[in-house]
Every structure is written in structure tokens, then in C-alpha cells.
Amino acid sequence: MKIVTYNINGLRPRISQHGSLLKLLNSLQADIICFQETKLSREEFTADLVMAEGYESFFSCTSTTGIGRTGYSGVATFCRVDSAFSSKEVALPVGAEEGFTGLLEQLRNRSSTMKKDCTLELPAELEGIAKDELLEVDSEGRCVITDHGHFVLFNIYGPRADHDDKERTQFKLTFYKILQKRWEALLCQGKRVFIVGDLNIAPYAIDRCDADPKFEENQFRKWLRSLLVENGGPFFDAFRSKHPDRAESYTCWSTATGAEQFNYGSRIDHILVAGPCLHQEHKLEGHSVMECHVTECDIMTQFKRWKPENVSSHRWKGGRNVKLEGSDHAPVYIGLSVLPDLPEHNTPSLAARYVPRIRGLQQTIVTLLSKRQVAAGLKNHGVSLLSYDSVGMQSCGNNSKRLLDDCSLSGSMSIGNLPTSNQKCDDISPSISKHMGDTSVEAEEETASGGTWTKLNPLTPNKMKTSKKARVGNSSQRTLGSYFQKTPNLSVGVDRTRSDILHAQEDATVDRNTVGQNGSCFLIKEGNNGTPVDNDCNSQLNLSPSVTAVDACSSSQKEKSDVALCEWQRIQQLMDKHKQVPLCKGHKEPCVARVVKKPGPNLGRKFYVCCRAEGPSSNPETNCGYFEWAASKSGKKGR
């Protein structure tokens, strides 16, 4: 059996990096996979995020509403199994618990049974600790416990606390104090306990790149070392037990300084094991789960973000030109010898497959209404189609009004309200019709002068060039394909020449000569004697813009773009002259600018540092440590 612990620094980006959750899990090639820092809330659960074929998953998510804590932390345990029911596999847990105080499970059960008066019962080992304090510590989604029969597995994401942050330091102390009580209670029952995860503690100086002489005096490092066998504790540090003297074996690197390039990090991801072995002689000296069943333990360095092929030089340049995919942690794995099967059992109720949002038994009001709206739309319109507003042409006079119901020259256009003889063409505003009517224009209405519009018979496809028909329905919603089509640029042009206009008779057919290659449509007005009458806004309605006008417009826009580009380049040159970026003393290279983000008197202040990646001071290719404050408003620089 293989167990892997991995701080993934966000489940979504890792799924995106590998293509799917299943591919991510399979890449680790393990039976039990423990993720930390999933950064998910239960409201965000979807099947593609928490479920994968062949795996059972168990999540703990943050439920606190503190500033900066929403969607923060979170752990998940994935177990690779052949069957989730009636299984004898050790990888499938016989029990699972969210959190480590036992209160979260009781609260969930009380909520599901609607019994608000149920009292919360504390585990015996936690009596004496206030329930509010326990719930506060257990509300950040930092622990999932799974019982695999032969051992109990704690998937832990330990809190981080800066030395000057008293509140978080106290939180971290309480967190590990409560956890230790749970571990000790299980060990007293003869259970085997495996603790895996990102504990945010490097126990020894060998586990830190820049450890100073007082490094090991930190209270959390002392506490972790006190748990280890060599200091009288019950736990083995699996990695150090297999590699006691291996230096520069790190699992986490700072992304802000590019420290991964020179392997300048720390080992804070651990696998601790305690308890007797499975042999009948397990009480004999030299028999333990570590010595009898752990075959290997190592860091999976192939998952590091930084690889030699990322760049060809040691220039990190402040991270501006290097984009790396992956977490800032590397996974750690442990191999166990074959463990005997368990009695038949089913997946515990904490499994993600039972979450209502995943099972589909629970719907939100928004989801329900959205589904009804979509269903109604499909019923009325079939599918979502491309539709446009019909072409409306403003009337310029009160003498007459003309309505053309269906003039579809390109299979998707129609015209309405054409101008009469007294109208001006300036008020003609083109748009695109919703209708897909025949390619015909009919006119019967008489004008004030007694004349009539001639009827133009349908245009046959072989007499005009048409573009592909746009599907139009009753819905105003556009299809995805419409965004990738060139939008028709319709304009109404006027040609004062009548040489191309045929003298139409009462039901004359539109000849090929009346329709240009660009799909122009001509309307002919007759007087009382049947002779053509010249309109104020002319006799030809051209639906395509003039080529000359388009060229002139394009040329004008290009000139404006060129002028804007030149002006911007000039401004950039002026700005560069006043930047005065300093050069670092070690490499004589331009520094990179940073801004102070830590609360304090210098919050928001700008400074410059060496652009190279952080690394050992003995390596001249690493960051030289140069620092300089940016110029203040008075023009003076600080050191």
C-alpha cells in the first residue's frame, strides 16, 4: 500500500493543470492520497471537483467567517478502491470523521434530525476544554480522520503563525494540544496512528535551508521533537528514519523569492507513524509498525514546479518572465508491506458521494428557476437561435408610409418603412430583421400624389449572391456561433443614376441588372401614367456600403491608431527616463520593485531588491541580498 500527502495549494488549479481530478489522482499512483489546502467551501462542491471514478473522497472545509479565512485551508482524503460497498479493502475506511474534536459530526447530525436541544458530548480526553474553544479550533477545515482498521489516519493541515502574531500563535498551540490528546487516547487503546500532512513545522536545523543557531529553540519545533521516538515519544518520523543524514531534502519553497530554483526551502510536510506491528510477537523489542511494515518513505521531487528546462540561466528576474505550474510543495509518500484484508464494510457516511449537492437531492431556488426557464425556452423555441431586430426606417414626412414585410436579400435581412418621395434618406436607420421570410419585396400602398410602388417579385438564388442564412427564432438569445461570425455591416446608400433601373411594369420581374453583385435592392415608384418618378431620396436603396467609403474609413482609423501608438511610445520613453531603477551591488543588474504588504509604518512603501532567485549565500549566482527603498516624495532614498 502507498500513502501520499500533498499540499496542493488549491484543488482547482491542480485539476486544471492535469486536465481532470482523475488524472491528478492517477499521477500520484497511490492507494490513499491526502491533500491539504484545497481552498474549497462546501457551497462550491461539484462532482468534477470532489468525485473521481474508482475513488472515495472525504472532505473537511472551513466554516469560519473570519477575515481572510473564507475558502481558506481545507483538507481531503481520496481512497482508491474497487468497490465502495461490501468491500474488504484496507484503503476503504470503516469510519471517517471531519475535524478532530468530534463536535462537527454531532452538529451535522443534529442539523439533519432537526433536534436543536441535543447536547454536544465531548470525547473523554477533551473534557475540561470549553466547547466554544474546541469549535473555533475545529472550524477551519484542517483535519480529516479515517479509520482503516489496521491504522487510524490523520490528514492534517497545521496552522501557520508568525512569531509576532500572538493570536495565531495561541491558536496554533491550542490546535496541537487538542490533537495530541486525541493521538494519545488512540494509542492507549492499542491503535496504530498515522499522522500525515503539512504541519508547518521543520523539527531540526537540517530540515531548514537557512537555520540559525537558535533555530531549534522554537516552541513548536521543541513540541514536535518531543513526539519522536529518539526523544522518548511514540512516533517515528518516517522520512528521517529511512534517511537520517540526508541534507537539503525539502518539501516547500517560497514562491515570492524563487527559492525553488536553488532548492532553498524547508521540510514541513511529514509522515509520522506510531503503534505496534501486526505480528503476534508485536510486544517484543524491535517490533513496531515502522520497523515491520514501512518499506520506504521519500519526497516525490518530480512534482516540483522548478525544473532545469524552465530557464537557460540563473536569472529569475523577480518572477516576471517565469510562469510555473504546480504547488509550492512537493508530495511525500510512504510504502507499506501487504496488509491483511478487513471484514466486509461500506464507505462511511462522510463520503462526498453522500453530499446532497453531489447526489442531486437538493436544489437551490436559483437552480430550480433556471431549469424551468430553460425548459420553457426549449419548448417555445426549440433551441437558442441567432436573432436580430428588424430594420426600421424613420419616416421623414407625413405624406405616406411604406411597409415592406419581407425583404431578405441575404437570407436573414428584411426592410420595413421605406421612405416615400418626400422623405429624406438621412433618417434611414438600418438594422437586421427577426424574420426569415421570402426574398421578396411587395408594395401596394398609394401615395398622396396617387402613385403606387411597383411590386418586386421574389429574387431567385441564382440571381443574387447570398451569405449563409442565420438561424432565427422567436427567442432573442444569441447562439455561441454568432460571436464568431462577421457581423453584417449594413448601410443605406443612394445612387442618383437611373441608368441601372429597369422601367418596371405593374408586376414586372426584377431582372439580374436590378440587383448588383453586392445584393443591392432597387425600388421603383411609378406615376399615374406608369412612368418612373424621381424621388427626393432617389430611386435606389443600396444595402451594402460603398467600397470607397469603407476604404476611406479604414484608412482613417489606421492613421489614428498609428498616431496613438507613437504618442504612447513617447510617453513610455519619458517615463523610463525618470524611473532610475537601481542596480544591485552583487551582479550590477537592474533590481525588481516590491511593495510592503505587512501592516506597519511602512505598509504600501515601495522598495527594490536583487532580481535573482533566493539561494545559499555561498553560491554567487543567487540573490545578493541587495535592498534599497524607493525614492520618497522629497526625492531622498533610504537604506
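Phe 607 is buried, with a relative accessible area of 14%. Buried here means under 20% relative accessible area, exposed over 50%, and partly exposed in between, using a 1.4 Å probe and protein chains only. Before going on, the background. This is a predicted model, where local features need pLDDT of at least 70 and side-chain atom pairs count only at pLDDT 80 or more, while totals for chains, interfaces and linings use all residues. Residues are numbered from 1 along each chain as its sequence is written, and side-chain values use heavy atoms, with hydrogens and water left out.

Now the chain as a whole. Its secondary structure comes to 12 helices and 24 strands; these are DSSP runs numbered from the N terminus, helices being H or I with at least four residues and strands E with at least two. Of the 639 residues, 43% are buried.

Next, the rings. The whole structure has 15 aromatic pairs. Rings of Phe, Tyr and Trp (its six-membered ring) pair if their centres lie within 6.5 Å; planes under 30 degrees apart count as stacked, over 60 as edge-to-face and the rest as tilted. One of the pairs is Tyr 176 with Trp 223, tilted, at 4.6 Å centre to centre and 35° between the planes. That pair links distant parts of the chain, with Tyr 176 in helix H6 and Trp 223 in helix H7, 47 residues apart. Tyr 176 counts as buried at 3% relative accessibility, and Trp 223 is buried at 16%.

Back to Phe 607: this residue pairs edge-to-face with Trp 629, 5.9 Å centre to centre and 80° between the planes. Phe 607 is in strand S23 and Trp 629 in strand S24, 22 residues apart.

Last, the annotated positions. Under "binding site", an unreviewed UniProt entry lists Asn 7, Glu 37, Asp 198, Asn 200, Asp 328 and His 329. They span 323 residues in sequence, yet no two of their C-alpha atoms are more than 13.1 Å apart, so they gather at one spot. UniProt positions follow the numbering used here, feature names are shortened, and annotations may be inferred rather than shown by experiment.

Is Asp 198 buried or exposed? At 1% relative accessibility, Asp 198 counts as buried. Its side chain makes a polar contact with the side chain of Asn 7, at 2.9 Å. A polar contact is a pair of N or O atoms within 3.5 Å; within protein, one must be able to donate a hydrogen and the other to accept it, and residues adjacent in sequence count only if both atoms are side-chain atoms.
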